[in-house]
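These are my notebook entries on a structure that I looked up. I record each term with its cut-offs where I use it.

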Amino acid sequence: MAKVYDVPADVLIGKLADILKNEDIPAPSWIPFVKTGAHADKPPQNRDWWHTRCASIMRKIYLNGPIGVNELRKDYGGGKPSGYGAAHHKDAGGAIIRNAIHGLEKLGYLEKVEKKGRVISKQGMQKLDRLATEILKEMIVENPQLKVYT
């Protein structure tokens, strides 16, 4: 069985976002208007960015858990230019990350660990590993040399 480490992140996040669209993960009403952080100039142009962010957060917690909201804010933040000097790092918005985490917890994919942050639940780990196995099988059909990784 393939793990999340074995498949490209962009493919996994895209397919997981499609799966999360069909599940009951609530998107806040302010999603069309909000920027993703102080470093951003405009709101995201992709209409389905909420589900993509949820999928990305789920993958990050799988890889780095237990991880808290502040660490995720640092990961999703970026540089904001300040005058003629170099760009300074600004953290991402916490409400987006918190709402995504709460939605994933309601679905049973994440669990809270006291004083440490969130970890992936057994159900969430099974979902990601099955998806990674599926993606790897599709990649093997295209490129048979990848069979070594099964």
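I began with accessibility: a residue is called buried under 20% relative accessible area, exposed over 50%, and partly exposed in between, using a 1.4 Å probe and protein chains only. By that scale I noted lysine 127 as partly exposed, because its relative accessible area is 23%.

I noted that this is a predicted model, in which local features need pLDDT of at least 70 and side-chain atom pairs count only at pLDDT 80 or more, while totals for chains, interfaces and linings use all residues. Residues are numbered from 1 along each chain as its sequence is written, and side-chain values use heavy atoms, with hydrogens and water left out.

Entry on salt bridges. I took a salt bridge to be a side-chain nitrogen of Lys or Arg within 4 Å of a carboxyl oxygen of Asp or Glu. How many salt bridges does this rule give? I recorded a count of 7.

I then looked up lysine 127 again and found its side chain in a salt bridge with that of glutamate 23, at 3.1 Å from N to O. This pair links distant parts of the chain, since lysine 127 is in helix α5 and glutamate 23 in the loop between α1 and α2, 104 residues apart. Helices here are DSSP runs of H or I with at least four residues, strands are runs of E with at least two, and both are numbered from the N terminus. Glutamate 23 counts as partly exposed, because its relative accessibility is 22%.

I next examined lysine 15, whose side chain meets that of glutamate 138 in a salt bridge of 2.7 Å, N to O. Lysine 15 lies in helix α1 and glutamate 138 in helix α5 (residues 122-142), so the pair ties together parts 123 residues apart in sequence. I listed lysine 15 as partly exposed at 27% relative accessibility, and glutamate 138 as partly exposed at 37%.

Within helix α1, I found aspartate 18 and lysine 21 separated by about one helical turn, because they are 3 residues apart. Their side chains form a salt bridge of 3.3 Å, N to O.

Entry on histidine 39. Is this residue buried or exposed? I recorded histidine 39 as buried, because its relative accessibility is 19%. Histidine 39 is located in the loop between α1 (9-22) and α2 (49-64). Taking contact as heavy atoms within 4.5 Å, and setting aside neighbours within four places in sequence, I listed contacts of histidine 39 including Tyr76, Lys80, Lys90 and Asp91.
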